[in-house]
Amino acid sequence: MSSQFVSSQYNMTIPSKSVVAPSLRQQSYSDADTVVFNIPSFMSHIDSRQSYLKFRVRIHNAPTLLTFSKKSGIHSVVRNLRIYDTQSNLCLENIQDYNVLSQILHIYSENNSIKNRRALTELLEPGSRTFGGGDYDDLPARNCDQSQLFISMPTGSDATYSTSVPLSDRAVECVVALRLYSGVLGSLSSRMFPALITGGLRVELDLASAAECLSLWTAEGICDDAGNPDPTIGDADGCRFGIVAPEPQDNNNITAVHLYCEKNAGFDQVVHDTGSGFEPMTSAAPLENGTSIVKNQGVGAVNLAIGKKLYAYNNENPPVLKELGKITGILANSGENAGGVCSVKVGLDTSYLQSANIVKGSELMGGAGNIADGTANADPKSNSCFVKASELFETTPTLEISELEFVVKTASPPASYTESLVKQSQSEQGMKLDYMTFDTYRNNINAAERVVQINIPATNHRATAILSVPLQNNMAPSVSYNNLNPVIDTASSYNYLVANKLQPTRRVNLGLLSQSPPKTEQVALFECEKALGSCKVMVKQLDFQDTNFFIARALARYGTIYNLSADGNISLRIDYDNPQMNKLMINYVGGLRRLVVNSSGKFIEP
């Protein structure tokens, strides 16, 4: 007995094609603009699983090497997402703070294969992360040459190169394609959307500012004005670079400094030579106190930007902070493979300094952490240099986004199916369509509050889960830190209050996440996994809970829903041990929203 597989009850395949819907304004967009797409009704049946947003993006006026969100890539450029019915202007979907939500959904739904695919299409640059599987080789400072947004320094065991071109002149234009986290036109959907019933769709995207969606690739070489690594900058990987020798090595004015750098594996290089004045570090004290070597030859010195001032602690005891001059270029002699000294040379312009203030070469002799004769200094900051964050981030980057298109996958089912759908929409009972989406609720938390009770006035009739993401709330957006990263701020436990009952009945502990090093809180992680699963997000990894922090509760499981409107609201209680930050708690209530189209018109059941 033979059988034949057919793709539908109509015993025929359903043809489909991709149609491009351009943005309403066919010009370039910049930071904080609103992009509008009109999807006409003749695109009658839309396959959301194969529809995506496509555009070109370029960064201007970058102060140093930048990247979009290290967790969600180009998704971070979308601040808010709204989708309307074209005929009646009915709001079908409104996801506020979309970029914060996308980070949570993105990072927990990826594995290595998905991460690599997203790197190709969504500007997700895994090499910029401080996590990813390696203790050293995967550090961001070793992988700055992998940037897709900038033409970076070349690498190779025989490469000798100069980074004499400012980074802002090396930005490239990238083409991206992304599926939105949308229940109408994106990855949250698993079914066709009948655009003919709504008379078409209007999609509005509020773009984030460049300062909000961009962040540092690495913070190495950047310090505060006193020369101390600042944990609020980047991913807390800031450091000073050790000076192995100045140029010249006498009492004349310096023209350059040589920095300790990595040797090329497999070659007979050295990083110091006492006979030539390139002194070694005599102890581990500098490395333990904020000084580091330049990773991957000159690649890791990307923050020593052309035209910025370089500062250093000299070899006095105690060392004195000095201004060395403006950076004119960086030269890495990585082609020195025959037993010579390899270093990263930073050229300096001292012409603007008064002669009495120009540092002499003799002031920087002895090696990092040492005095002039090469013996250890009591203060390990000696002979180390850095750029000041306050001066590096004087310029504000901007985004240029162009050629925006919404590529819509449309299908052509049999005419009888379409006729049946139209008849349903004209009847008293009407056509009903459920789709997954998120509603956003915000609450402010003061730094002084140790016990926080948040009331969330949710009125969702078909809720499935709630995700709560705390962000720091007292800092203006800046590329010097990751604006979208959640903060733990010594949170010790939490409960939700649903229908006047604690959910879960015992407090969920969070205290281990604030330890150093942080440890996994298993129950909290299990709650997050359940909540994501209830929102139809396939969880593929549960690593790095502390850096991907959020708290959550599944309100319904096994495909069921929960009526929050019957309770009036939902509450969240959080206990803090020693809070230090003002926080913005963004609560996303995930669930089904129902579109009803009948003879009386169109309306949304929440």
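**Exercise 1: Two phenylalanines**

Both Phe-37 and Phe-406 are buried in this structure, which is a predicted model. Find out how the rings of Phe-37 and Phe-406 are arranged, and where in the chain they sit.

*Solution.* 
- Step 1: Start with the distance. The centres of Phe-37 and Phe-406 are 5.7 Å apart, and rings pair if their centres lie within 6.5 Å.
- Step 2: Turn to the angle. The planes of Phe-37 and Phe-406 stand at 80°, and an angle over 60 degrees counts as edge-to-face. The Phe-37 and Phe-406 pair is therefore edge-to-face.
- Step 3: Place the residues. Phe-37 belongs to strand 2 (residues 34-39) and Phe-406 to strand 23 (residues 398-411).

**Exercise 2: A second ring pair**

Decide how Tyr-311 and Phe-386 pair, and whether Tyr-311 is buried or exposed.

*Solution.* 
- Step 1: The ring centres of Tyr-311 and Phe-386 are 6.1 Å apart and their planes meet at 25°, so this pair is stacked.
- Step 2: The pair again links distant parts of the chain: Tyr-311 is in strand 18 (residues 309-313) and Phe-386 in strand 22 (residues 384-388), 75 residues apart.
- Step 3: Buried means under 20% relative accessible area. Tyr-311 has 6% relative accessibility, so Tyr-311 counts as buried. Phe-386 has 0%, so Phe-386 is buried as well.

**Exercise 3: Charges over rings**

Which residue has its charged end over the ring of Tyr-311, and which lies over the face of Tyr-313?

*Solution.* 
- Step 1: Over the ring of Tyr-311 you find the charged end of Lys-388, 4.2 Å from the ring centre.
- Step 2: Over the face of Tyr-313 lies Lys-381, at 5.2 Å from the ring centre.

**Exercise 4: Cis peptide bonds**

*Solution.* 
- Step 1: Glu-247 and Pro-248 are joined by a cis peptide bond with omega about 0°. Pro-248 is in the loop between strand 14 (240-247) and strand 15 (256-259).
- Step 2: From Gln-503 to Pro-504 the bond is cis too, with omega near -10°. Pro-504 is in strand 28 (residues 501-509).

**Exercise 5: An alanine with positive phi**

What is phi of Ala-499, and where is this residue?

*Solution.* 
- Step 1: Phi of Ala-499 is near 55°, a positive value in a residue other than glycine.
- Step 2: Ala-499 lies in the loop between strand 27 (491-498) and strand 28.

Definitions and conventions:
Residues numbered from 1 in each chain as written. Predicted model: local features only at pLDDT ≥ 70, side-chain atom pairs only at ≥ 80, totals over all residues. Heavy atoms only, no water. Phe/Tyr/Trp six-rings, centres within 6.5 Å; stacked < 30°, edge-to-face > 60°. Helix = DSSP H or I, 4+ residues; strand = E, 2+ residues; numbered from the N terminus. Buried < 20%, exposed > 50% of the residue type's maximum accessible area, 1.4 Å probe, protein only. Lys NZ or Arg CZ within 6 Å of the ring centre and 35° of its normal.
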